[in-house]
Amino acid sequence: QFHEVHEIVIQKLGHIPIVKGDFAHLPPKVQRFVAAWVQECRPRAVYICDGSDEEAHEIIHKLEERGLLHKLTKYEECYICRTDPADVARVESKTFVTTEEKYDSVAHVREGVQGIMGQWMSPELMEVEMNSRFPGCMAGRCMYIIPFSMGPVGSPLSKIGVQITDSNYVLLCMRIMTRVSPKVWEVLGDNEFVRCVHSMGCPRPVQRKVINHWPCNPEKILIAHFPEIREICSFGSGYGGNSLLGKKCFALRIAMNIAKDEGWLAEHMLIMGITEEKTGRETFIAAAFPSACGKTNLAMLNPTIPGFKVRVVGDDIAWMRFDENGDLYGINPEAGFFGVAPGTNMKTNPNAMLTCLKNSIFTNVGETADGGFFWEGLEDEVDKNIAITTWLGENWRIGQPGKAAHPNARFTCPAGQCPIIHPKWEDPKGVPISAIIFGGRRPTGVPLVYEAFSWEHGVTVGACVKSEATAAAEHVGKQIMHDPMAMRPFMGYNFGKYLGHWLSLNKAPHKVPKIFHVNWFRLNEKGEFLWPGFGDNIRVLDWVIRRVHNEEDIAVKSPVGWLPKKGSLNLDGLGPVDWNELFSLPKHYWEDDIRESRRFLEDQANGDVPPAIWKELDDLEKRVKEG
Ligand SMILES: C=CCn1c(=O)c2[nH]c(Cc3ccc(NC(C)=O)cc3)nc2n(CCCC)c1=O
Ligand SMILES: [Mn+2]
């Protein structure tokens, strides 16, 4: 439909040419949004995207000429890009949530303790930071307007965003990771949308030397969220987690605010479906893991025992909502996978590898002389002597010192290409979620799997998720870091209130799913893994499914939750498994762990943690002491 373009909007647009698309066809709210930011960022032109292949080819061609993208001739429509080495990952220290009230955004952190559950910046301070960045930031550049849907276009569970960006690379990734289409304008109409504004922070003429044809402004990176007005402003970084605003910024930090207001959950979870071939029974599971736990590998698991079919709905984010019957349904709001490349190969995740062989973009991976990609973990899958260009652009060969790919190198590939993508992955209703699994990398003390006694106990298990990670400060090596619900880096509001929201969902007619905790990474005293992991994890999911369907005699009560009864896991074909080691509950370890978790919650969210959580911790402690 044709909209009267307000004269105010026309004034703000001024002489700026619209080089693609029809501004007058945009919904009025979008016209005002775009005009305001045109006035602020002053681009040389405005380009309204349609997400089509033709559009992508035009932009790919331009970026190939500029040298930002190289075509990987070994595959079909695959491209590689190397960023400025100063722009390779999310920047938590520059990520903020701004609300009038500080304690809407963050919890009460103990005096003298470093808050790690998100950062608040006051509206006044944020105004200053914004004004020192955005005015004129797109000078000499084209402003792209990206209409996108998180979730299938038109699904009642989906939400619409409009992203303004001066990076056409971001458009190429957004059309893989989200649904970019003119249909979004129709569905949007005069409704609200999430406003996403991104700039590389490099107005022309550029002041800062551009490396690898990758404009960015690392010194002035700012990732700002305004939940009260559903707006995100990202400046200075082109890297995925900071610039594909549909992902972490929208689908987690902003969406969890919307979910709190509307009574649903926006979580950092995979969704997978497991079908038992004997009966055809299918069970869907949502699972949250901190980094370095192989979450994407689990989402696309290749079972090692017969009788099971695993299909993936999503590998990173789940939006879950109880329907009118009280059943929990989930969708994957994304349309692609943005996975960590190193460690991904035909053994650890063949389905991810096969998804990447066409229409994909690789960032900061190595490049082989025969036009392929390479990263750590692929040594056995390429010619050992092939010449490789590293992510830093250096000549390299397998076996030489150094790495071919950056540890955070990424593949960006269309989910629909995954060999085991679930047929219902775009079902507007979503899929029924029967179990929620939390997990962590726990080298000692934590059993392979246990089931929470209740929703409240399970939420407390989620709040106390920890995982071994290489600490930021290299000299301390590996540490067990807190990562509640695996949401720590992605919190969009007060952590204590977030726990309260989870607890509030356990009310009629909601049928809350069972909650489990898994740990694939327990070591024996010789430092060897007690569990083979990978495809053998199906054996644990099998037990989870049988518990979901209330099989009784396969579980025994323990102080920490229900454990598999000895013999109730299918271990056929496995070498020796030290069951006692794998499921032992060292009393002192657990007493220390509970004390440490209580201290963490006191430090990070003291007055905001709901009483039910403290009660669950106290009950757990009593059971462990009496155990
Ligand atoms: C569905 C798979 C989940 N998963 C696991 O279940 C898993 N388990 C382990 C530990 C492990 C490592 C190597 C072996 N290899 C042997 C013995 O050959 C066994 C276990 N690593 C794992 N990884 C890789 C983690 C880094 C991202 C992993 O992803
Ligand atoms: Mn993630």
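K248 and D316 link distant parts of the chain, 68 residues apart: K248 belongs to helix α9 (residues 246-262), and D316 to the loop between β15 (308-314) and β16 (318-322). Helices (H or I, at least four residues) and strands (E, at least two) are DSSP runs, numbered from the N terminus. Both K248 and D316 are buried, where buried means under 20% relative accessible area, exposed over 50%, and partly exposed in between (1.4 Å probe, protein chains only).

This is a predicted model, in which local features need pLDDT of at least 70 and side-chain atom pairs count only at pLDDT 80 or more, while totals for chains, interfaces and linings use all residues. Residues are numbered from 1 along each chain as its sequence is written, chains are lettered from A and ligands numbered from 1 in the order in which they are written, and side-chain values use heavy atoms, with hydrogens and water left out.

**Salt bridges**

K248 and D316 also belong to a network of salt bridges that links them with K247, K295 and E334. A salt bridge is a side-chain nitrogen of Lys or Arg within 4 Å of a carboxyl oxygen of Asp or Glu. The structure holds 46 salt bridges; the table gives some examples.

| Salt bridge | N to O distance |
|---|---|
| D104 and K497 | 3.9 Å |
| K384 and D380 | 3.5 Å |
| K622 and D619 | 3.6 Å |

D104, in helix α4 (residues 102-105), and K497, in helix α13 (residues 495-504), lie 393 residues apart and link distant parts of the chain. D104 is partly exposed at 35% relative accessibility, and K497 is partly exposed at 37%. K622 and D619 are three residues apart in helix α17 (residues 611-626), so about one helical turn separates them. K622 is partly exposed, with 46% relative accessibility. K384 is partly exposed at 46%, whereas D380 is exposed at 65%.

**Aromatic rings**

Rings of Phe, Tyr and Trp (its six-membered ring) pair if their centres lie within 6.5 Å; planes under 30 degrees apart count as stacked, over 60 as edge-to-face and the rest as tilted. The count comes to 23 aromatic pairs. Y47 and Y144 form a tilted pair, because their ring centres are 5.0 Å apart and their planes stand at 55°. This pair links strand β2 (residues 45-48), which holds Y47, to strand β6 (residues 142-150), which holds Y144, across 97 residues. Y47 is buried at 5% relative accessibility, and Y144 is buried at 2%. Elsewhere, ring pairs join Y75, F362, F373 and W375 into a cluster.

Charges also sit over rings, meaning that NZ of Lys or CZ of Arg is within 6 Å of the ring centre and within 35 degrees of the ring normal. The charged end of R195 lies over the ring of F193, 4.3 Å from its centre. K429 sits over the face of Y329, 4.0 Å from the ring centre.
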